[in-house]
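This briefing sets out selected structural features by topic. The sequence and the structure come first, and the commentary follows.

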Amino acid sequence: MTQVVTSTVAPRVAENLNRALHRLFDREEQLYLLGEDLLDPYGGAFKITKGLSGRFGDRVMSTPLSEGGILGVGGGLALCGNKVIVEVMFGDFLALGFDQVLNFASKSVSMYGRRVPVPLVVRCPVGGNRGYGPTHSQSPQKHFVGIPNLTLYELSPFHDAEAVLDEALDRGAPAVLFEDKVLYTRRMYRDGRVDDVFRYRVIGPGLGWAHAFPDGEADGADFVVLAPGGLVHRALDAARELREAHGRSVHVLTPAQLYPLDVEPVLPLLRAAGRVAVVEEGTAGGTWGAEVARVLHERIWSSLHGPVLPLSSCDSIIPTAGHLEREVLLGAEDIRDGIRRAAGWGAGEPSPAPSAASPAAEAAVGVPVTVPKLNNNDVTYLVADWLVDDGAWIEPDTEIVALDTSKAQADIAAQGSGYLRRVAAVGEELAVGAVLAHLLPEPAPGGARDPVRPHTEVVPAAPATKAPGPVADPPFGVHVLDRVQQGTAAVVTKSHREIPTGFTVVKAEVDTVLDRLEELSEESGATLGLAEVVVKAVAEAQPDFPRFFGSLIDDRTVAMADAPYVGVTVDVDGSLYVPVVERAHERSLADIADTLMDFRLKALDKGFAAHELTGGNIAVSLNPDPGVVLVQPIVLWPQLCMVSVGAVGDECRIDASGAVVTRRTVHLGLAYDHRVVNGRDAVLFLARIKTALEDPGKLEGEPAWTTD
Amino acid sequence: MRALEELVADVLGVPVAEVDDETGPATTGGWTSLRHVQIISALGREYGLRITPRQARSCRSVGDLRGLLAAEGVSA
């Protein structure tokens with residue numbers, strides 16, 4: 001059968017660009033094109049300007065080999081009221097014209113007391129994967145980020161080149177259009193279709209962003225990759241592979257304009273996904289992606305499951321030899337692996353089911369036990385310990401494995417019964433949904449390890465730049481936050497962003513209560529301290545100050561708590577925990593003291609259970625180290641208030657008879673969510689705690705001063 | 001196995017000669033509530049004991065710690 005080639009095949013990117021230039025020259029009589037070797041029959045190093053010199057000979061000029069000269073003339077022509085496109089043969093050579101871009105063209109716009117149009121577009125082929133070597137393969141975009149009046153575009157297979165050039169020239173200020181060489185021979189995408197699986201749409205005003213997604217999943221991204229035009233194919237290849245391997249929906253967003261970057265139109269998509277990577281071919285350090293990540297962290301930090309993942313080429317020159325060039329440049333597999341690590345996919349997940357799985361194979365695999373979601377802070381959990389032997393018979397609800405979250409250990413129970421076959425190994429980091437073990441109906445032959453154990457990966461803390469060879473230790477001068485601190489960071493960042501806090505301080509005299517505590521300690525033979533008195537006093541204030549123990553459901557509704565659950569700060573070896581003292585109003589001081597001691601010992605051994613760290617509806621920050629006047633705490637979202645207690649200090653006072661007396665005092669602070677609590681309420685609340693300390697008899701309830 | 005005095009001296013960062021049965025939070029400024037927790041934790045690890053929070057609160061000197069060890073069948 002004869003294959004009929006029709007004209008419906010999409011044009012190549014180079015053809016689209018060449019056509020765009022022809023149309024522009026048809027329309028714009030004041031348009032000039034300058035560059036090296038542009039004239040026919042050569043038509044430029046990449047033939048993008050083919051046919052132009054024949055049709056518009058007086059406005060298309062081949063120039064001497066001097067980028068400084070070409071860009072100087074181009075800038076001058078633009079300043080004099082013309083529109084100018086300059087082709088720089090390789091983006092690498094733009095370095096020779098950098099002064100003209102930085103100090104002349106971009107400055108001329110605003111150096112005359114009024115805005116002067118400088119419609120200059122510098123086109124340059126960039127990127128590697130062609131074996132052109134260190135000085136003909138670079139992606140210099142990052143060197144042009146952040147220059148006032150200079151706009152950066154990148155050619156993409158989604159965006160029509162004529163529209164891009166039109167907008168760039170109409171800005172009236174200089175622009176650079178980066179054109180990845182590998183794109184030239186690729187086809188344009190059109191009609192909303194990428195391939196059999198992926199579709200795309202354009203979102204946002206102007207040239208907008210191309211949004212590529214698996215058909216029917218426009219609103220359901222698991223991960224979003226921000227990829228400039230040159231990286232589109234590599235990003236899509238990674239998305240396809242991740243879809244096949246893990247069934248995940250990875251979307252690709254491509255802006256026509258790299259800088260300044262208008263992220264507004266894509267924020268809803270990024271928020272919903274919560275996981276974002278920015279990819280680029282430029283080498284590591286001072287990258288465009290780092291700038292994008294900074295903007296996104298500022299805008300949607302609290303919606304992200306983890307930091308934006310910036311992926312770039314290595315910190316290296318670009319070798320000429322193909323196998324070495326591939327090592328250095330960011331490829332589809334690097335994007336795939338980076339996303340997989342960041343998302344925790346593939347860590348213990350089953351491989352996609354074979355299409356013709358036999359019943360026997362299913363029986364051998366058994367019922368999976370998977371990682372449950374244990375909190376909102378962590379993307380992955382660490383397998384801490386197996387609690388039962390491999391091959392053992394498991395009854396329902398038997399706890400089989402312990403997982404470490406960033407703050408606590410949780411024991412995971414089996415839902416069903418069966419012979420245990422472990423899949424995950426101690427020390428592995430697993431994502432929610434990953435397989436921990438299988439429960440088999442029959443004992444596995446020989447009780448051996450799972451012979452079809454899926455491939456698992458250990459998740460490093462912060463995958464970033466493509467690095468050849470094994471992942472190295474963090475470089476000197478870098479500190480990677482541990483899991484506990486990452487959990488703290490997430491909470492305080494959210495609080496800092498979302499809670500408008502007020503802060504009030506009062507001073508309380510504590511001689512009486514300290515003396516009483518000393519007596520009680522002597523009587524009972526066990527130490528009692530100020531912390532337990534404060535915790536109890538705070539808890540007992542709940543009936544009179546119910547809003548202080550609530551949390552905001554929406555802008556105007558506070559969910560009230562049924563009883564006080566007081567979190568207390570415990571930091572004994574550099575890791576901050578806020579375990580919760582439950583219902584302290586019903587408990588004796590000795591009982592509370594035991595609980596606090598228990599917390600301190602657990603903090604030292606990192607032995608908290610998850611339930612001990614959750615459910616607090618107010619918190620107390622304890623800072624007994626000598627000399628601490630006061631600490632201003634950050635309210636722990638979704639709570640509304642946090643009390644802080646400084647160290648006991650001595651101060652001299654003149655009493656009623658005029659005599660100098662020494663008093664011991666502490667400062668009590670209250671940080672409060674000002675949307676719910678006002679300053680006067682805060683003072684009343686603190687006065688209540690102060691009274692409890694200064695007049696311990698006011699601490700209500702018989703159990704208060706009993707010691708067991 | 002370290003002697004009790006040695007263990008306490010290590011945590012407090014003082015010469016072992018300065019530690020005797022009277023040493024405790026009341027006599028030694030460096031014996032803060034944080035150091036107390038570290039001493040208890042080190043004691044548990046060194047001698048393989050599981051010390052309850054109440055026992056931890058009841059130890060107010062090295063002599064008390066020695067009593068605790070004796071009650072658990074450890075001589076140190």
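In which loop of chain A does A:Pro638 lie? A:Pro638 is placed in the loop between S27 and strand S28 (641–645) of chain A. The model is predicted, and the points below are grouped by topic.

**Overall make-up of chain A**

- Chain A has 16 helices and 30 strands.
- Of its 708 residues, 44% count as buried.
- Among contacts in chain A between residues at least 6 apart in sequence, those joining residues at least 24 apart make up 72%.

**Backbone features in loops**

- The peptide bond between A:Trp637 and A:Pro638 is cis, with omega about 5°.
- A:Pro260 belongs to the loop between strand S11 (257–259) and helix H7 (267–273) of chain A.
- A:Asp37 is not a glycine, yet its phi is positive, at about 55°. This residue sits in the loop between strand S1 (31–35) and helix H2 (52–55) of chain A. A:Asp37 is partly exposed, having 14 other C-beta atoms within 10 Å.
- A:Asn129, also not a glycine, has a positive phi of about 65°. Its loop runs between strand S4 (120–126) and strand S5 (151–154) of chain A. A:Asn129 has 18 C-beta neighbours inside 10 Å and therefore counts as partly exposed, since a residue is buried only if 20 or more other C-beta atoms lie within that distance.

**Strand S25 and its partners**

- Strand S25 (residues 565–568) of chain A is covered on both faces. A:Tyr565 and A:Gly567 are buried on one side, and A:Val566 and A:Val568 are buried on the other.
- With strand S26 (residues 580–582) of chain A, S25(A) forms an antiparallel pairing over 3 bridges. In this pairing, A:Gly567 is opposite A:Val580 in S26(A).
- With strand S27 (residues 618–622) of chain A, S25(A) forms a parallel pairing over 3 bridges. Here A:Val568 is opposite A:Val620 in S27(A).

**An open antiparallel sheet**

- Four strands of chain A form an open sheet in the order S14-S21-S19-S16, with antiparallel pairing. Its edge strands are strand S14 (367–370) and strand S16 (393–394) of chain A, each of which pairs on one side only.
- S14(A) and strand S21 (residues 435–440) of chain A run antiparallel and are joined by 4 bridges. A:Pro368 is set opposite A:His438 in S21(A).

**Helix H14 and its packing on H16**

- Helix H14 (residues 530–540) of chain A is largely enclosed by the rest of the structure, because 9 of its 11 residues are buried. Among these buried residues are A:Glu532, A:Lys536 and A:Glu540, together with A:Val533, A:Val534, A:Ala537 and A:Val538.
- The axes of H14(A) and helix H16 (residues 679–694) of chain A come within 9 Å and cross at roughly 135°. The two helices, H14(A) and H16(A), are therefore oblique to each other, and H14(A) passes H16(A) in a right-handed crossing.
- On the H14(A) side, the contact is made by A:Val533, A:Val534, A:Ala537 and A:Val538, while H16(A) contributes A:Ile689, A:Ala692 and A:Leu693. The contact of H14(A) with H16(A) comprises 7 nonpolar residues, with no polar and no charged ones.
- An α-helix has 3.6 residues a turn, so residues three or four places apart point the same way.

**The interface between chains A and B**

- Contact between the chains involves 13 residues of chain A and 12 residues of chain B. The side of chain A that touches chain B consists of 7 nonpolar, 2 polar and 4 charged residues.
- Helix H15 (residues 589–605) of chain A packs with helix H2 (residues 33–47) of chain B at an angle of about 65°, their axes being 10 Å apart. H15(A) passes H2(B) in a right-handed crossing.
- The residues that make this contact are A:Arg600, A:Leu601, A:Leu604 and A:Asp605 of H15(A) and B:Val37, B:Gln38, B:Ile40 and B:Ser41 of H2(B). By class, the contact of H15(A) with H2(B) has 4 nonpolar, 2 polar and 2 charged residues.

Key. Residues are numbered from 1 along each chain as its sequence is written. Chains are lettered from A and ligands numbered from 1 in the order in which they are written. This is a predicted model: local features need pLDDT of at least 70, side-chain atom pairs count only at pLDDT 80 or more; totals for chains, interfaces and linings use all residues. Two residues are in contact if their C-beta atoms, placed from the backbone, lie within 7 Å. Ala, Val, Leu, Ile, Met, Phe, Trp, Tyr, Cys and Pro count as nonpolar, Asp, Glu, Lys and Arg as charged, and the others, Gly among them, as polar. A residue is buried if 20 or more other C-beta atoms lie within 10 Å of its own, exposed if 12 or fewer, and partly exposed in between; C-beta atoms are placed from the backbone. Two strands pair if DSSP finds at least two bridges between them. Axes are lines fitted to C-alpha atoms, for helices over the stretch in contact, and angles run from 0 to 180 degrees between N-to-C directions. Angles under 35 degrees count as roughly parallel, over 145 as roughly antiparallel, 65 to 115 as roughly perpendicular and the rest as oblique. A crossing is left-handed if the near helix is turned anticlockwise from the far one by less than a right angle, and right-handed if clockwise.
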